[in-house]
Amino acid sequence: MREICDRHGILLIFDEVITGFGRLGVPFAAEFFGVKPDIITCAKGLTNGSVPAGGCIVHNKIYDAFMNGPEPFIELFHGYTYSGHPLAMAAGLAALDVYREQGLFERVGQLEPYWADAVHSLKGARHVIDLRNIGLIGGVELEPRNGKAGERGLDVFKRCYDKGLMVRVTGDTIAMSPPFIIEKQQIDTIFSILSDILMVVD
Ligand SMILES: Cc1ncc(COP(=O)(O)O)c(C=O)c1O
């Protein structure tokens, strides 16, 4: 994609709202894949979700295009009421300290093989048509009910919730991205609940 974008003068944007800030065991997926995008969008891990914040990390050439307008103009006038809010920025800095002090990105890298095995333990489970994982992310794709796409996924989501397990559902795919401090025993609990539910759900 990088090569195609370069060939045609297209900006390459990585949406790292989920993958950014350590979820693949390194700070950004761009580093994981060894590809330099022009723009990275980020949010969630930016403040560890403690204070709402999102951001765009951009290549210098984009920054310059925004900031170095012709005289007498200053940067492209844009912004939001709460842009660069000090509370959110303080939360972001504090999150970085915790990530570093507790070695949480490295922890993700150490947990990844265990997590991968747990995701793939659902191989052959009822309704499962695909299993995907990377870093501390897992996707369990379920076969849609006949003519009712998304219904089975929603059903599984609700049953998980009732059992104390919070997952995310996109169509018929159950998506999981647990906290970096998760213990192996808790990973076992997640997949034991999910596998029990898959056995009983229509
Ligand atoms: C991959 C991805 N991109 C973008 C978003 C939207 O992010 P925001 O609500 O910060 O705009 C989400 C939200 O869940 C997401 O998971």
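Asparagine 133 sits in strand β4, where strands are DSSP E runs of at least two residues and helices are H or I runs of at least four, numbered from the N terminus. At 27% relative accessibility, asparagine 133 is partly exposed. Buried means under 20% relative accessible area, exposed over 50%, and partly exposed in between (1.4 Å probe, protein chains only). This is a predicted model: local features need pLDDT of at least 70, side-chain atom pairs count only at pLDDT 80 or more, and totals for chains, interfaces and linings use all residues. Residues are numbered from 1 along each chain as its sequence is written, and side-chain values use heavy atoms, leaving out hydrogens and water.

**Ligand site**
- Asp15, Val17, Ile18, Ala43, Lys44 and Arg168 surround the ligand, each with a heavy atom within 4 Å of it.
- This shell divides into three nonpolar, no polar and three charged residues. Ala, Val, Leu, Ile, Met, Phe, Trp, Tyr, Cys and Pro count as nonpolar, Asp, Glu, Lys and Arg as charged, and the others, Gly among them, as polar.
- A polar side-chain atom of aspartate 15 lies 2.6 Å from a ligand nitrogen atom.
- For lysine 44, a polar side-chain atom is 2.7 Å from a ligand oxygen atom.
- Arginine 168 places a side-chain N or O atom 3.0 Å from an oxygen atom of the ligand.
- The protein covers 47% of the 400 Å² of accessible area that the ligand has on its own. Accessible areas come from the Shrake-Rupley method with a 1.4 Å probe.

**Nonpolar core**
- The largest nonpolar core has 40 residues, of which Trp115, Val140, Val156, Met176 and Phe191 touch the most other members. Such a core is a set of buried Ala, Val, Leu, Ile, Met, Phe, Trp, Tyr and Cys residues joined through side-chain atoms within 4.5 Å.
- Elements giving two or more residues to this core include β2 (39-42), α4 (86-101), α5 (104-120) and α7 (184-200).
- Domain 1 (2-101) and domain 2 (107-200) each supply at least three residues to this core. The bounds come from an automatic or database domain assignment.

**Single residues**
- Threonine 19 lies in the loop between β1 (13-15) and α2 (29-33). Threonine 19 is buried, at 16% relative accessible area.
- The side chains of threonine 19 and glutamate 16 make a polar contact at 3.0 Å. A polar contact is a pair of N or O atoms within 3.5 Å; within protein, one must be able to donate a hydrogen and the other to accept it, and residues adjacent in sequence count only if both atoms are side-chain atoms.
- Isoleucine 193 belongs to helix α7 and is buried at 15% relative accessibility.
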